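Have the viewer open as you read.

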Amino acid sequence: MRDFFAHETAVLDEGCQIGADTRIWHFCHVMSGATIGRNCVLGQNVMVANKVTIGDNVKIQNNVSVYEGVVCEDGVFLGPSMVFTNVINPRAFIERKHEYRQTLVRKGASIGANATIVCGHTIGRYALVGAGAVVTHDVPDYALVTGNPARQTGWVSEYGCPLAFDEKGFAVCPESWQRYQLADNQVRKME
């Protein structure tokens, strides 16, 4: 008896691993060799390719394809119709599977609707990629990036709230009241 839910239209290839309490909705395809953690949600029409790793508590919204070479850590949010790539210079008539580049989406990061993540980059912990952004470089922990190409426009808390740092480099999340410090262009949550 399986301990996850998959809609009757979902296709789960033999050899995929799916964690407890995960919900997989209409017209999804999870390929052999994919690993999906516990308590995840895959919205309608999501494809998870071979050798992809999805952590626990990940939400993947409708119409997202997670291609080979992508790793999503725990608590990641992938917005509707966002796009991953896995080859830097694809051609229909040239096989380049040996050139797949890894994309790492670190714990708690969120990627907005219709954003594009060019392969070979890391999206930092709790970073926020704005809707429609095109990411062509690594994104630091807690960074807010927007635009095409994506540029850093601020910092956010673990709750996704903008952080306003004072002259000493300290900020407080207005929702959680967690404190953060900015030093050497890096943000860290204070304990």
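## Ground rules

This is a predicted model, where local features need pLDDT of at least 70, side-chain atom pairs count only at pLDDT 80 or more, and totals for chains, interfaces and linings use all residues. Residues are numbered from 1 along each chain as its sequence is written, and side-chain values use heavy atoms, with hydrogens and water left out.

## Salt bridges

Searching the whole structure turns up seven salt bridges; the term covers a side-chain nitrogen of Lys or Arg within 4 Å of a carboxyl oxygen of Asp or Glu. Take Arg106 and Glu73: their side chains form one of these, at 3.1 Å from N to O. The two come from distant parts of the chain, 33 residues apart, with Arg106 in the loop between β15 (103–105) and β16 (110–111) and Glu73 in the loop between β12 (70–72) and β13 (77–78). Strands here are DSSP runs (E, at least two residues), numbered from the N terminus. Both partners are partly exposed: Arg106 has a relative accessible area of 27%, and Glu73 comes in at 25%. For the record, buried means under 20% relative accessible area, exposed over 50%, and partly exposed in between (1.4 Å probe, protein chains only).

Next up is Arg125 with Asp141, whose closest N and O atoms sit 3.9 Å apart. Arg125 is in the loop between β18 (122–123) and β19 (128–129), and Asp141 in the loop between β20 (134–135) and β21 (143–146), so this bridge ties together parts 16 residues apart in sequence. Arg125 is partly exposed at 26%, and Asp141 is partly exposed at 27%.

Then there's Glu99 and Arg96, bridged with 3.8 Å between the closest N and O atoms. Here Glu99 is partly exposed at 32%, whereas Arg96 counts as buried at 18%.

## Around Thr22

Now for the loop between β3 (17–18) and β4 (23–24), where you'll find Thr22. Is Thr22 buried or exposed? Buried, with a relative accessible area of 0%.

What does Thr22 touch, leaving aside its neighbours within four places in sequence? The contacts (heavy atoms within 4.5 Å) are Phe4, Phe5, Ile36, Gly37, Arg38, Asn39 and Cys40.

Key
Helices (H or I, at least four residues) and strands (E, at least two) are DSSP runs, numbered from the N terminus.
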